[in-house]
Amino acid sequence: MSTVMTWQTESTSSDATEHLAETLGNQLRGGEVIELVSDLGGGKTTFVRGLARGMGSTDNVASPSFTISRVYKAGKLELRHFDFYRLSEAGLLEHELDELMGDKDVVVVVEWADIIQHVLPPDHIRIVIKTTGDDSRQLTFEYPEKLAYLMEGLC
Ligand code: ADP
Ligand code: MG
């Protein structure tokens, strides 16, 4: 087990959350897995919007709630956005995820990852967003040391 590092910050607007995510997205090299945890409306999809922009993607980011997964192109990298809200099993998507998470040209970001926890690699970054007011959020980043490069420019 590698040591889990944590960093916490506050955001007071959805723009601020997007900017934070953009900074992180800019550090992505491919092969990373990001888990986003919050209640509904916490800002997970908002965070993904910033991530995609930080990766250099101009694709439109939207909630994949009804489609489960979306793809955004970012140069030679691809951001795969999954959302398992209210699903009780991932079915075949589990295998797809497994393959994608081993692909060095793909970054995987997952909302509501509870049902696929066992598929997530131990070395992933977990971002927990807590709603503390209408426009305020507390964001906690949990990451293994080998992913510390992602936090450059943040902490
Ligand atoms: P989730 O994907 O977690 O359900 P969304 O990103 O879809 O959440 O929605 C978050 C909502 O909260 C948006 O309407 C956004 O504008 C609003 N919001 C207000 N303040 C913030 C903030 N500081 N960070 C992120 N979203 C915020
Ligand atoms: Mg969402």
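# Contacts, metal and ligand

Reader: Which side chains meet in a salt bridge at 2.3 Å, N to O?
Author: Those of Glu18 and Arg53. A salt bridge here is a side-chain nitrogen of Lys or Arg within 4 Å of a carboxyl oxygen of Asp or Glu.

Reader: Which parts does that pair tie together?
Author: Glu18 lies in helix H1 (residues 14–25) and Arg53 in helix H2, so the pair ties together parts that are 35 residues apart in sequence. Helices (H or I, at least four residues) and strands (E, at least two) are DSSP runs, numbered from the N terminus.

Reader: Before we go on, what sort of model is this?
Author: A predicted one, in which local features need pLDDT of at least 70 and side-chain atom pairs count only at pLDDT 80 or more, while totals for chains, interfaces and linings use all residues. Residues are numbered from 1 along each chain as its sequence is written, chains are lettered from A and ligands numbered from 1 in the order in which they are written, and side-chain values use heavy atoms, with hydrogens and water left out.

Reader: OK. Back to the pair: is Glu18 buried or exposed?
Author: Glu18 is buried, at a relative accessible area of 12%. Arg53 has 38% relative accessibility and counts as partly exposed. Buried means under 20% relative accessible area, exposed over 50%, and partly exposed in between (1.4 Å probe, protein chains only).

Reader: How many salt bridges are there by this rule?
Author: Nine. In general, side chains of opposite charge can pair when their charged atoms come close.

Reader: Which residues are linked in a network of salt bridges?
Author: Lys73, Glu78, Arg80 and Glu96. Glu78 and Lys73 meet at 2.7 Å, N to O. Arg80 and Glu96 also form a salt bridge, at 2.7 Å, N to O. Arg80 lies in strand S4 (residues 77–83) and Glu96 in helix H3 (residues 93–100), so this pair ties together parts that are 16 residues apart in sequence.

Reader: Is Arg80 buried or exposed?
Author: Arg80 is buried, with a relative accessible area of 12%. Glu96, at 30% relative accessibility, counts as partly exposed.

Reader: And where is Glu78?
Author: Glu78 is in strand S4. At 16% relative accessibility, Glu78 counts as buried.

Reader: What does Glu78 touch?
Author: Leaving aside residues up to four places away in sequence, Glu78 touches Met55, Val71, Tyr72, Lys73, Asp105, Val106 and Val107. Contact means heavy atoms within 4.5 Å.

Reader: New topic. What coordinates the magnesium ion?
Author: The magnesium ion, ligand 2, is coordinated by Thr45 (OG1) and Glu111 (OE), at 2.2 Å. Thr45 lies in helix H2 (residues 44–54) and Glu111 in strand S5 (residues 106–111), so the pair ties together parts that are 66 residues apart in sequence. Both Thr45 and Glu111 are buried. Donors are N, O and S atoms within 2.8 Å of the metal (3.2 Å for Na, K and Ca); water is not among the atoms, so sites may look incomplete.

Reader: Which residues come nearest to ligand 1?
Author: Of the 18 residues around ligand 1, they are Thr17, Gly41, Lys44, Thr45 and Thr46. A residue is near a molecule or strand if one of its heavy atoms lies within 4 Å of it.

Reader: Which atom of ligand 1 is 2.6 Å from the side chain of Thr46?
Author: An oxygen atom of ligand 1 lies 2.6 Å from an N or O atom in the Thr46 side chain. For Ser38, an oxygen atom of ligand 1 is 3.4 Å from an N or O atom in the side chain. With Asp135, a backbone N or O atom lies 2.9 Å from a nitrogen atom of ligand 1.

Reader: How much of ligand 1 does the protein cover?
Author: The protein covers 74% of the 580 Å² of accessible area that ligand 1 has on its own. Accessible areas come from the Shrake-Rupley method with a 1.4 Å probe; for residues, only the protein chains shown count as cover. H1 and H2 are the elements that give two or more residues to the shell around ligand 1, and H2 gives the largest share, three residues.

How values were computed
A polar contact is a pair of N or O atoms within 3.5 Å; within protein, one must be able to donate a hydrogen and the other to accept it, and residues adjacent in sequence count only if both atoms are side-chain atoms.
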